Amino acid sequence: MTNRKEEFSLVGFEKLLQNAQSQSYHFVTFSQKDQFKDKKRILLRHDIDNELCQCLPLAQAEAKLGIKATYFIMLRSSAYNLLSLENRQIVLELLKLGHEIALHFQEKIAASPDIMLQNIQNEVTVLENEFNTKVSAVSFHQPSPFVLEGHLLIPQLINTYNKEQMAPYHYLSDSNQEWRNNSAQQIIADSSHKDLQILLHPMWWLHPGKNIKQIWQETLRQNNKQTVQHWLHHERTLQDAKEEDFLS
Ligand SMILES: [Zn+2]
């Protein structure tokens, strides 16, 4: 077994994908969730809480292997503005690489369940119009018990926390670089489940050797760097300023 530093790295990520392919797993996007039933399938999902500006290395590694993933992106992230000049380019690049986008929803915005459904539909419409693509799924950011246990049916959308909708996919996640039971590597090597939904957060795979707090610091710093670079480029009064004037 590899150590944590090797496992959670871009090389480790590529190995995971390659091992899955050599075990004959076929990668499907959320719009393809019910297709290829005769094959061993992996639904590869990325929930992007903070690290939109770090997604492309993973997205490119996937594309290189002919793999399409689904990137669940937020309209209400506290770390990134999805519609900024820079970030919308990143999303367009994800689509160009063949990936799908879906909604990662901040549930705390909703005052009641009815309003929540409307909030979700509104956000899906924004995504679809802005990026000229179809959105087929929603995942909840830090889901409440209401969502986790509610088996919520959301018109026209796959709810990743609706167990019936997600069957027969076995769920596993890299949250805080900790697999709850067996690692994805182990489960794939054993082929212990025919169908897998694997949730990976890109930030955990791009800072090998750093601890959780350091990865947070680095990720938030990179968002800040993007903001600083934007203003250095677009603000006349900052034409003599340097990046290091703003970033420690
Ligand atoms: Zn989240």
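In which helix is the place of P113? P113 lies in helix α5, which covers residues 113-131, where helices are DSSP runs of H or I with at least four residues, numbered from the N terminus. The model is a predicted one, in which local features need pLDDT of at least 70 and side-chain atom pairs count only at pLDDT 80 or more, while totals for chains, interfaces and linings use all residues. Residues are numbered from 1 along each chain as its sequence is written.

P113 is exposed, because 11 other C-beta atoms lie within 10 Å (exposed means 12 or fewer such atoms, buried 20 or more, and partly exposed in between, with C-beta atoms placed from the backbone). Between P113 and V147 there are 34 residues in sequence and, from C-alpha to C-alpha, 9.7 Å in space.

Helix α2 (residues 10-22) and helix α3 (residues 56-64) have axes that come within 10 Å and cross at roughly 30 degrees, the axes being lines fitted to C-alpha atoms over the stretch in contact and the angles running from 0 to 180 degrees between N-to-C directions. The two helices are therefore roughly parallel, a term for angles under 35 degrees. On the α2 side L10, F13, E14 and L17 make the contact, and on the α3 side P57, L58, A61 and E62, contact meaning C-beta atoms, placed from the backbone, within 7 Å.

The largest nonpolar core has 55 residues, such a core being a set of buried Ala, Val, Leu, Ile, Met, Phe, Trp, Tyr and Cys residues joined through C-beta atoms within 7 Å. Among the members that touch the most others is C55, which touches I48, Y71, I90, L94 and P202, leaving aside residues up to four places away in sequence.

Technical notes
Contact = placed C-beta atoms within 7 Å. Parallel < 35°, antiparallel > 145°, perpendicular 65-115°, else oblique.
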